Amino acid sequence: MTGKLVFAVPSKGRLMEDTTKVLAQHGLTLRKTGHARGYRGSFDELPEIEVAFVSASEIAAQLKSGAVHLGVTGEDLIREQIPDAEARVNFIAALGFGHADVVAAVPDFWIDVRTMADLDAISGPFRRTHRRSLRVATKYLNLTRRFFADRGLTDYRIVESLGATEGTPAAGTADLIVDITSSGETLRANALRILDDGVMLRSQANLVVSQAASWGAATRALEAEVRRRFQG
Amino acid sequence: MSAEPVRQFANLEAQAQRIMGVFTHAGYEAVAPAIIQPAEVFLDAVGEALRARTYVFTDQNGAELCLRPDLTVPTCRLHLARGSQAQLPARYCYNGPAFRFQAAGADLAHPREFRQAGIEAFGAPDAVQAEAETLAIMVDALSAAGLDRKQLHLKFGDLYLMRALLNAVDMPASWRSRLKAKFWRPSAFRAELKRLTGDAASRGSMLPPALIEALAKAAPEDQDAVISAHLEGARLETFGARSIAEITEHARVLMDEARAAPLPAATAALMEAYVAIEVPCREASGKIAAIAASAGIDLARPLERFDARLERFAALGLDLNAATFSGDFGRSLEYYTGFVFAIAAPGLPQLSPVAGGGRYNGLMRLSGSPVDIPAVGAAIHTERLLAAIDGGVS
């Protein structure tokens, strides 16, 4: 153990750009070290911190395991990957970008289904007619199970979907979906509609602290310094 | 979790022999259902909640399989695989591993691999007798394994009574089936009661007024066409498995519900009072009868059956003095349909009974049977039993 504080930043795309911008606004200028496509970096103002460029979903896993001390990632990924998130990580600051809602959506022509209670009401008749449960396509297995269980909906099956989830009802591989949406445009294009009470989580990028990482006096002092810049 | 020590293995094996000895002596045929089960059939039968705790995997041919999370459904499937013989009454016993993912991490009281020893009776003509025998044999088996009978705490529940109560209360059929389905989730059940006691608007889900009017005017056989015309007018494209006829069917239910008067607050209070019951088992029927009578409901026949069962327990030599009844009990065990019980032993956490079981009349059909087959069964958590005999888990 080097005793360094490791700070994970999304490694590509819009998320990385927005993260870089917001960190700079809070007085942390991000710089990649080594060659331009390297996966390590540092902050000009706090050179003791080691920055790791990691994919956003991997950041949630590393915060959970404690492989990194701090990280920027979507709340949806944290809540999905860490069932007991409150016990394992602390949310320091919502960063104001990467907005996405995790929602339950049904075919728009299901005019008789507007709420989770309606979905529950049709689940029994659906099973009797089709001799199978309603299928829900999603990559958010844990969020879906928790949300549906809280609302007493039990007669359904999850079909794991790792891409193009919104196309599964039309393709016939699922009856409804749980997915992220920012503008709702993709859902509309696929003739899907969010249930009135179907917003499961309003997510955005967050600065998150791992409780599982190995913490010492030096790393705690650096964390306090980062915190101060965001909560100041 | 690390591999079990040799001593633990030897003790579990010896214990299993004593337990299986009791089962086979009582006339239960020893079977070894498959550990690897087809995920589709299995998970449809047990529901998504247990699915979250089931190890599911895909084999080299792309078939979706799972490691059985308990032995009841595998035993149902084994029975059904016997074809025409499946119509005949049968009694099975087993001892073998089951697998469950433990979200909070595995520990001694909640291992991810554990051995279940249990019995299942299918198609028994005398339901009360079959239930009483099941409980008595479980107590015999625990006693043969080394637990003191006098130290066992029996806890009873009865989902049949809850259904009888719901059936006796006046409300739209769709509300009744919704409350029955929600009984498994106490918070959702309470929320549903609250929703149904509100007025039609607060119950939510209204169809467009023009559509309601058109549906109300149309003859039943023309209502599908009304829905179709509405969808066309609103340019709503149809796709997937759900048909217009299914939408019409549910629309009718919604219209009936909208017309129905709210559920009286007294009825909701009655339900809440029932699930709050927690009494010595011999006082249960009196207490339930009193609660029902205060709402003008007569539960004499279901309660007679409940009392007959207690008498049968006593006749089989079970000590009922310390046994309790809970109106709430059975709510976490989704496939049970009637009498349920748990047996707790000293030294184990309250929520970790050493054995449990009950009646699950719907499970055979969910496991693929074309007809209903009454079923009752129970299983022992053998590692917990061994821990209880060794003086409890720390």
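Predicted model: local features only at pLDDT ≥ 70, side-chain atom pairs only at ≥ 80, totals over all residues.
## Chain B at a glance

Chain B has 394 residues, and 40% of them count as buried. Its C-alpha trace spans about 75 × 60 × 45 Å along the principal axes. You'll find 15 helices and 12 strands in the chain.

If you look at contacts in chain B with a separation of 6 or more, 70% of them come from residues 24 or more positions apart.

## The main core

The largest nonpolar core holds 87 residues, and the ones with the most contacts inside it are B:Met138, B:Ala141, B:Leu142, B:Ile343, B:Val354 and B:Ile380. Helix α4 of chain B (residues 127-145) supplies the largest share, nine residues. At least three residues come from each of two domains of chain B: domain 1 (6-152 + 345-389) and domain 2 (154-173 + 181-198 + 264-333).

Take B:Leu142 as an example. Setting aside neighbours within four places in sequence, B:Leu142 is in contact with B:Leu147, B:Leu152, B:Ile343, B:Val354, B:Ala355, B:Ile380 and B:Leu385.

As α4(B) passes α13(B), the crossing is right-handed.

Who touches whom here? On the α4(B) side are B:Val128, B:Gln129, B:Glu131, B:Ala132 and B:Leu135, and they meet B:Arg305, B:Ala308, B:Arg309, B:Arg312 and B:Phe313 in α13(B).

Technical notes. Residues numbered from 1 in each chain as written. Chains lettered and ligands numbered in written order. Core = buried A, V, L, I, M, F, W, Y, C linked by C-beta atoms within 7 Å. Buried ≥ 20, exposed ≤ 12 C-beta atoms within 10 Å, placed from the backbone. Helix = DSSP H or I, 4+ residues; strand = E, 2+ residues; numbered from the N terminus. Domains from an automatic or database assignment. Contact = placed C-beta atoms within 7 Å. Left-handed = near helix turned anticlockwise from the far one by under 90°.
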